[in-house]
Structure formats: structure tokens, C-alpha cells
Amino acid sequence: MRLAGRFGGAALSLVMVAVLGFFLFRVVPGDPVVSMTRGRPTTAAMQAELRAQFGLDRPLPEQFWNYFTSLLQGDLGTSFTFRRPVADVILERLGPTLLLVGTATLIAVGLGLWLGVRAAWRRDSGFDRVTTGVSLTLWAVPTFWLGMLLMMVTGDLFPSRGMRDTDTAPDFVSQALDVGHHLVLPSVTLVAVVCAEYMLVMRSSLLEEMHAPYLTTARAKGLRDDVVRRRHAVPNAVLPAITLVFLRFGLVVAGAITTETVFSWPGLGLLFYDALTGPDYLLLQGLLVVTAGAVVVMNLLADLLHGVLDPRVKVV
Amino acid sequence: MRGVGAVGGFLAGRVDRGGFLAQRAGVAGAAVLAVAALIALLAPLLIPADALDVTRVTDGAWQPPGPGHWLGTDHTGRSVALLMAQGTGTSLFVGLTAAVLAVGIGTLVGILSGHFGGLLAGALLRVTDFFLVLPALVLAIALSTVLPRGLGTIILAIGLTSWPSTARMVRAQTLTIEARPFVERARALGGGHTHVIGRHVLPSVVPLVLVNATLAVASAIVAESTLAFLGLGDPTRISWGAMLHQAQLHGAVPQRAWWFLLPPGLAIVVVVLAFTLVGRALEAVVTPKR
Amino acid sequence: MNPLLELKNLTVHYGPKCVVNDVNLALAPGQTLGLAGESGSGKSTVAMSVLRLLPKSASVTGEILLDGDDVATMSWGRLRAVRWAAASIVFQGAMHSLNPVQRVGDQIAEPMRLHGVEGNALDLVEQVELPRDKARAYPHELSGGQRQRVMIAMALACGPRLVVADEPTTALDVVVQAQVLALMTRLVREQDLGLLMISHDLSVLAETCDDLAVMHRGALVERGRTREVIANPRHPHTAALTAAFPVIGDPAHRWAEPAPEPEPLLQVRDLVVDYGRTRAVDGVDLTIGRGEIVALVGQSGSGKTTLARTIMGLRKPSSGRVIFDGAEVARNGKALKAFRRQVQLVLQDPSSALNPRHRIVDAVAEGLRVHGIPGDEESLVTAAVERAELRPASLYLQALPHELSGGQQQRVVIAGALVLEPRLLVADEPVASLDASVRGEIVALLLRLRRELGLASLIITHDLGLAWQIADRVAVMHQGKIVEQGSAEEVLLTPSHDYTRALLRAVPQV
């Protein structure tokens, strides 16, 4: 029952994502062609041709139907700037983003949760004050600025543009090392900001549990303090924290956009930047649908994972 | 027994809990904000229009800090210090208005979906949850791309995309309050929706909303700087984010023009941190200790 | 022989506040001792100090000798070895005292592994009369009684010689409470355990403990054999506590005066309320006469609260009728609002029935404002507050609820009802969350209001003693149906239904 409900809910969310994409880029702007060609010399005839090409001369319901059916077939339209199918362009950029976001998320989750647990368990200790203070400050730091700062401070130590050098030897090891070298600054930037949030989430989640009566029971049994923490407090506190980590996945996405822009990392974030400077509406629309869809799927995964981890949630 | 003797001990109770003044970090944050507000109000009055006009400046481009321009100059030769002062207003204004918009929508949606049951609440909750998981920045980017550039667009884009967390929180608080026996008592006395919302729900939501609004300003300022950095800001106005956009565009990093990169970013961090600290201090004051 | 537990001059401070004041207490092996007291008397603090479980903010002086060893000064390592092995605790509120994400079997086995005790968690589960497969359950999958049994099994895991039980049955229903108490008594006797049982409820302690100690404001005021203490209390506070628990059948505890045969004020006819697929109220007929006090008794989940809410128009019935003063009660609109002026609700926990932000004057005047009643608000409010025996009213009007005691808060709730000049009070467990010594005053107040104002009441309660004390008539509710009703004497002294008899058997005897 619950499982079916979750999948149904996610499906509905995906449809809402599609509707949102249509609404934002076809309904809100009035005439997209006027905005897209803003600043470029165009004649009325050229605009009319563009309108016909994008199907903008049709009534809105028909436009939506065409948009929605092609979306279902994986057709996101043709990019105005790249002159290629949006889906192809996005697919091409997926790899670098997955590498960056994946690396950063793994490190940030591990580090953030660990720091959060330690800080909360020794509340108001020096460690807690310092980590909480640093996290609050990092939370206030705009990601892109941190990236620019790191770039300036490290100087030539790390490459600051792109994902690999053109003159690297073609064998796998050299290529991997080169990519890893390029990955350092962007992932440090992303980790710093995301990790701060996860640390604060984990800390407050554990603080919520600190006064739970079952911890008194555990202490009364004669368990050592660290065993009480490891075996009783953390398993309870980590559940809401994990859910929040997945819920805040949008934060990682946002961070990726600016980080990739600063470091010219050839992923979806940089593509976003290229598309909005165009502006290339169909590409933006495709990116919005893809990222929002990914977030919805992540959220579904979090839900399922929560069902597996928390016995209080009935999965079936 | 707490008897009649304790009557009138209301103030003492408050002092026990530690008022706002007991929260040192919060007070420091409030002081920073007062200074920032002062700068924002005075800057337009004190800075001559010529000083920030690209066509009339006399200093050279990329000058490091020195006499006459103690924070150096940007790529057009304008004084970074003056740009900073001028940008304060924009950042604060956008942050405040966008936060008020977001918190307003969030409070309304939260109370409606918490108080009324049935289809309306279900639909509102569904929509809230949908927007809660979507990456707000991506939506804000999309909105600011399709709408004409300007201050209004930025405010709208941030405000319309950052209400769901407030709505979630207000809804939870509304449900908590409505489950309390005193609301049942009010209903049994004959009180209707307006009475319950006006006399019981709203007063208990307000402190939390205030806390939330303070924290919302903090994230709205970061959001504004990000949108401006991506070139989606109001091109006619100076803001800290827009300065960083210029810095990126004109290569402040390769030029090692740290004086153009550090001040706007630091200003954002300090002001955002100040709002966060004030918010946390308010939170500590309004949430009763267990 | 050394006493199992000996407290010498135990004093506990939280900052400047003294919660336990110079308590001396000894417990011999195999002895059972009840520690009674109202909320805030310091009895739970004593329980927690036995295994040094008080929060860091507590400062403890005096000695806590467990088998001759002082718990207060022993090393952490020694303390950990003593915890649970020498003495264990059955905590109150088993829902929160068990780890929600661990199987209960593992939680029972945990101290055995830790202290290297041979044994099997499944055997312990069986000992507390649970099926063995419940060991694989999570706490939320068990009922309140089952969870409390798990707590008991856990306490016995390392074969301690002393068990401390802190309000072990407080959240439980009468019938379940009787079962859990019987289980504890049996295990204590079989295993020759020392038992220190903490409770606010003298009757619970009388059932289980040979000796009784009474605490009041942090100090031990009386100590002796249970029967003697209850029969001849020497301290006035003990006397107040014993008086607060009415003995069913004892005319001295029957305070209700015989009422004349009344004409009906409220009639419920064939009322049915469904929650989704469950039928909470199943064809109920009930009549309350003018000036009559009717007690509606039953276990939790019997549907009595739902019935009361439906009568008040707070919940819509699936079918059936509610007739008030000869006219059917409207389900919405102005007529319902007018009806609500006539019928007022008094809730169980007065501290949550008052908005903590509203001053007393606003809380009492709330009804006046809702109904837009003309007249001088201040004098109406003052009259109602004084009628509820808060005199002089001017002392209380500007106070906030948390500045008053529980009994005073309940009087404010009653004043808030009286200000509308109602004809019927619906009181849901009106004394259940009040301290024993206050309880009698509120009961007396309700009876006086009936005598002076002719105010009828429907008292919803699980407490048969309260019904005996106050009610003209008693209706017994079980699984949504009223299985028996009649005069208080008929129902409580010569019950005709099995369920009523079961309820009466479960009442602990002082």
C-alpha cells in the first residue's frame, strides 16, 4: 500500500515537473522567441519562422500535448545555441557532473555526519563550538565566491579550468590522475558548503535525541558512554538526518551550478550557465526537467531507504 | 505549590529563560546588521553620482588599495569601497523583501493546510512537498531568465521559490497547536475558524515565523548574490553579487585583484552570518527549554 | 545482615532548589517498599539516585549504599559493573524508555552480554508471560502492557537482588495495570527480590508492598507497615493521600446526595460513530436528567471519549440523535453555537486546556467573547472565578496559567465554563491528572455547583472510585456499547455484567 503510494506520488511529481517546465518556458515569458532573440538582429519573418519551428504558433493545449508526448519519448527538443537535440547535449555533460557531485556528496555526507555526531555528543565543548562556528560561517559563504577565493589562494598548485589538459598522455593512469588533479578545487569548494549543512543537520538531530529516556535505560544497564552513543543514540538520530540529506539534494545541485561555472567544469552546471546566458529556452527547459526529475527520484530513493532502515515505517 | 505568591512573576520567568540580550552571538549579529543598515541608508546620500559613473572616473583600472581609494579600484577604475557601500542597500533590500514574500506565502499556506482538513489541505501539502524537494535555485534561475531583468524579478524569483520550508514548519506548528486541548476547549465554547486561527494558532506561530524570517533573509541574500553572479541581476544596480559577477567576468582572479574579490564576498558572509546568529538567538528565546 | 539498599542523609539540589531533603531509608533483602508522594515530592529523584542516573546539574550529598558500597563515590568502572547487575530499574513510560529501532529481544539480551550473565532472552520473555516470538518485535508493535512486561523482563535479565520500579503502571489501563502488578508481585516473591516501588497511587503500592514510605516536598514524612500507615496515618499529608482514594461501597466516601427523580435534559438515542472502518460508538442510548451527575466509565478505547465529543457536537455522528431540552441538537451553524453555550467541556489536563499565552481573565472571558455576550465582562468573569472558589478573583485574573497550581488551573477551566451559565458540564477525567490532595476539592466543587446552580454533569472516567464518590447514576461502556447502567449503588455494588465485574476486580484495594 505504502510502496504503491510512494511510487504513485513520485510519478505525479514527475508529471508536475513536466508541467512546471512547460509553464515556466512557454506560458510565463509570453513570446519566447522575442526574449530569445533579444539583442540579436532579427526580422519579423525570421521570428515567424522560429515560431513555426518551435510550434509556438499553435494553441497552448496543443503545444502542451506535443511537448508532453515528445518528453515521454525522451525528446527534449533542439537546442537553439548548439543546434543539436537537447537530450544529446545533456547526456554528454552528465558524466563530469556525476563525478564531481558524487565525489563531493560522499565526502560531505561522511564528514558532515561524523562531525555532527561528535559535536552534539559533547555539546558546548571546544570541539562543538569550533565546528558549529565554522559550519555556520561556511553556510553563509556563497559557493562561487569560495571557489574563486580558493583559486586565487592556491595559485598554480591546482589547475583551475576544465577537467583535463589537452597534452596529457592518453593512457588510463595519466588521464585519471589528470582528472583527479582537476577535481580537487571544485570538489573542495562543493564539500565545504554542503558538509557544513549536513554537520548542522546531524548535530541538531542528535541533540533532539539526547534527552530521550531510552538513553537513560541504556546507561542504567551499565553501558559505556560511547557505546550508548554508538548503539542507541546515533541509530535513532541518523534516520531523520539521512532523510534531510536527501531532501536537501537540491542544495548540491545549486552548488554544482555555481562551482562548475567558476571552474569551467564541463558538466551540467556549466551547461546551465551557457543556456541562461543565451538564453536558450529549450535547453534550460530540458535541464530543469532533468535536474528536477533527478531530485524527485532521489527523494523517492530516500523514502524507500528510510522504509528499510526504520522499523517503525511499514514498507508494505 | 506555585500559588498566589508567584502571580506577577511573569517577568522573572522570562529572565530565567535568558532574554535576547543573554545571547551574546545574537547581540553581536544585531550590531553588525545595525551598521550595515546605516551604511545602506547613508550611502546613496553621501556618495556623489559621479564617483560611480564609469565614464567620469579618473582613477586607473585595477589599482591596489592606496590613497584616494583605500580598497583599490575595479576594472573600470571605480573605487571598490564606494561600490561596496552602494551595494549594501541592494543586497539588504532584496534579502528582506524576498524573505518577507517567502515567509508570507509560507505562513499562509502552512496555516491553511494545517487548520483545514480535506482536499484543500491535501493539495496544498502535495504542492508544498513538491516545491520543497525541487532545487530552489534552479527554479529561481528559470524564473529570472524568462522574466524581464530587474530588482522585482529577483525578489519574485527568490520569494516564489523559497516559501516551502516555512510552510512546512508553520503547518507542523499549526497541527501541534490544534491538537492541544485548549483549542478543543475553544471549539467547545463555540469558537469558529476565525476565532481558533486568530486567537490561538496565529499568536503561537508568530514567534517561529519571526525566527524563520530572519533565517530566510540570510538565505535570500546568498540567493541574490548567486543570481547576480550568474548575470541574472538588475544590470542597472550595484550589488555585492553583481560586483563578484564583474570580478569573474573581467578576470579578477588571474589579475590577482584580491581587493575586488575579498570585500564583496566577506560582506555577504558577515551579513548572512549576522542574520543567522540573530535568528538562532531569537529561536533560543522563543522556544521554551525542556 | 547488610541492608540491600541504605540511603543515609540523602540530599539532592538542583542549583539552589532542594528536591530531596535528608532522606534516610533502608531496605532489607527480599523486602518490598513502596515510596509514595505527589508530583514534585522528590520520589523519582530518589529512584534515579540509586544507580547515580541523575543529570549532571544535580548535586548529591549523603550516602547511597548498595550492598554496603557507596554508589555516590564509586569509580565509573565499578559503577558500570554495579548498574543492572546489583540493581535494575523498571522505568515509567515504557514507550520512550525502550529504544524504538531495536528489537526488544536484543534490548533484553544487551545487559546479559555486557555483564557476562548466562541466560536466554527468550526465557525471560516467557517469564513475563509474553509469547516467545514477541522478542523479535519492535517496541511500537507492542501494546502498553506488553512493553511494560518487556521492561520487567529486561530488569530481571542479570538476576539483580534489587529492582527499582518508577511508576511502572502509570500510563496503563486499570485492567492491564492489575495484570502487570500481579506479574510483578509474583516474580518478586518467586525470586526473593528486594523491590523499591515508586508511585503517586497509594492503592498500587498497597497491592504490592509490605512497607510504605511517604514523601512530601523532598522529605520523608512517614514510614511503616503498609496496612498500619494507611489505617492510621500519623502525618496530615499521608491522611490527605489516603482520603483521596475512595473505597467503593464505603458510605463515608460517597459524597453525592440523593437527587430527586429528574426530568431529562439530554437524551442520546441510538448513536453510532465510525472512524473509518472502526465503530467507536455502537448504538448508544443515554439520558442525563436536569441537575443529575452521570458517570460514564470504561477502559481507554471503549469509546467513552468519542461519545462525549459527539454529544458536544465536536464530531459528527454516523447515525442517531442527540436531543437537548426537548429539541434535536443542530450539527452546524448558529443553532449549534447556541447549544454550545448550554453545554460546557472540562478537560483532563488543565495545564494544556489553557492557552499558555492567555491571562486567566482572557481564558475565562473567551466564551463571553465568542458568543458576544453583552454586559460588564469584568464583573461576569469575576463572579465566575469566585464561584469556582478562586477568591479573591483579583489575585488571579492577571496571572498566566503556568503561575497557578494544577488544582487552580482546573478551577479556571471550570470558571471559563460557568461564565456562560451552562446547564450541563461534560467533564473528561476531571481529576485524573491532579495530585491526590487536590482531587477531593475539585470533586466537592462539582457537587456544590450541582447543589447551588442545578448544574448537571456527565463525568467521563476510568476511575470507578470517582464514580462512587460523585455520581447519581453510572453507565459502563465497553467496545462502543453501554453494557450496563443504573444507580451508582446498583452498578458498583451489585454489578450484573461480566465486564463491570472485571473492572471492579481490577481496582487495587487500599
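Predicted model: local features only at pLDDT ≥ 70, side-chain atom pairs only at ≥ 80, totals over all residues.
Local features need pLDDT of at least 70 and side-chain atom pairs count only at pLDDT 80 or more, while totals for chains, interfaces and linings use all residues. Residues are numbered from 1 along each chain as its sequence is written.

Chain A has 47 residues in contact with 47 residues of chain B, contact meaning heavy atoms within 4.5 Å. The two chains bury about 4100 Å² between them, and 79% of this lies on carbon and sulfur atoms; buried area is the accessible area (1.4 Å probe) lost on putting the two parts together, summed over both. A:Trp145, A:Met148 and A:Met152 supply 17% of the area that chain A buries against chain B, more than any other three residues.

Between chain A and chain B there are zero salt bridges (a side-chain nitrogen of Lys or Arg within 4 Å of a carboxyl oxygen of Asp or Glu). The side of chain A that touches chain B has 34 nonpolar, 11 polar and two charged residues; Ala, Val, Leu, Ile, Met, Phe, Trp, Tyr, Cys and Pro count as nonpolar, Asp, Glu, Lys and Arg as charged, and the others, Gly among them, as polar.

In chain C, helix α16 (a DSSP run of H or I, at least four residues) covers residues 406-418. Of its 13 residues, 12 are buried, so α16(C) is largely enclosed by the rest of the structure; buried means under 20% relative accessible area (1.4 Å probe, protein chains only). Among the buried residues are C:Arg411, C:Val412 and C:Ile414.

Conventions: Chains lettered and ligands numbered in written order. Heavy atoms only, no water. Helix = DSSP H or I, 4+ residues; strand = E, 2+ residues; numbered from the N terminus. Expected span 1.5 Å × (residues − 1). Buried < 20%, exposed > 50% of the residue type's maximum accessible area, 1.4 Å probe, protein only.
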